[in-house]
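I opened the notebook to record what I looked up in this structure, going from the whole chain down to single pairs of side chains.

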Amino acid sequence: MILARALCLVLLFACCCASTAFAQEALMPVDHYPPWKLADGESEVAGIDIQLARALLEKVGLAPKCLRMPWKRCLAAMEDGEADIMNGVLWSPDRAAYLHFLEPPYKNRTVKALYVRKGGGVVLGRFGDLRGLTIGTTLGAKYFQRFDEDRALKKDAVKCDQINVRKLAAGHIDCFIATEETGDYLIRKEGLGELIVKAAFRHEEPTKVYFVISRKSPLMERIPELSRALRRMVEAGEVDRIIGEYLRGL
């Protein structure tokens, strides 16, 4: 199946049309990670990362075909060559073994926030306050090095951040960690702003966020072309404009 799809892509790349009406599809696994990726329910997949992917692929005569699946399965699909491209990925040695990280990164800063129940007695003012707490995380996600490597922390992993919001509201976990934009969005969507608040402790650092190509995908042959298109988007401010407009519209 993978070989047949690869042959089809190669043949179509040779006569690729710049018009997206005739663009060949690149398979893109998508988890529900709002507001970056909105992939729950039956509505069309949307979100910041989807808009960025469409903008990038359109420049090389392609279009994303989104495949909904949990984050951990997204990575497995890329590793197995069942998908071609995805974004919102942080570099790590294990991922680099099966993913090509497209330069340049399209995002260079991230804030990881901790959320607690208002008046619940959990106070997070520093990293050490996480000791002994049950912390909601997402399967396969990476947050920041100290947190990821601390095996003494009690991490309760689920398939998506939305589950952690609901578990915290129900008192089943003490806190959860998420990218700030994601946590804020989900709490607003669930109408839990009076119950769940951000803790004082948060982690902010320069963090490179990438588009990645499966090393088993025929898109590997188009790395130079994709990199040039992405660099133009970053340097022209197109990436920042898409992100800014989406967040302002929430």
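I began with the terms: helices (H or I, at least four residues) and strands (E, at least two) are DSSP runs, numbered from the N terminus. With that rule in hand, I found nine helices and eight strands in the protein chain. I then looked up the radius of gyration, which is taken over C-alpha atoms, and the globule rule, which is 2.2 Å times the number of residues to the power 0.38. The radius of the protein chain is 19 Å, close to the 18 Å that the rule gives for 250 residues, so the chain is as compact as a globular protein of that length.

I noted how the model was handled: it is predicted, local features need pLDDT of at least 70, side-chain atom pairs count only at pLDDT 80 or more, and totals for chains, interfaces and linings use all residues. Residues are numbered from 1 along each chain as its sequence is written, and side-chain values use heavy atoms, with hydrogens and water left out.

Next I turned to burial, where buried means under 20% relative accessible area, exposed over 50%, and partly exposed in between (1.4 Å probe, protein chains only). Buried residues make up 51% of the 250 residues in the protein chain. I picked out Glu238, which lies in helix α9 (residues 238-248) and is buried, with a relative accessible area of 17%. Leaving aside residues up to four places away in sequence, Glu238 touches Ala55, Lys59 and Met233, a contact being heavy atoms within 4.5 Å.

Then I listed salt bridges, each a side-chain nitrogen of Lys or Arg within 4 Å of a carboxyl oxygen of Asp or Glu. The structure holds 17 of these salt bridges.

Which parts of the chain does the pair of Lys189 and Asp40 tie together? The two side chains meet in a salt bridge (3.1 Å, N to O). Lys189 lies in helix α7 (residues 180-190) and Asp40 in the loop between β1 (24-30) and α2 (48-58), so the pair ties together parts that are 149 residues apart in sequence. Lys189 is partly exposed at 42% relative accessibility, and Asp40 is partly exposed at 29%.

I also checked Glu235 and Arg231, whose side chains meet in a salt bridge (3.9 Å, N to O). Being four residues apart in helix α8 (residues 223-235), they are separated by about one helical turn. Glu235 is exposed at 62%, whereas Arg231 is partly exposed at 39%.

Last, I recorded a network of salt bridges that links Arg109, Glu180, Asp184, Lys198, Arg202 and Glu204.
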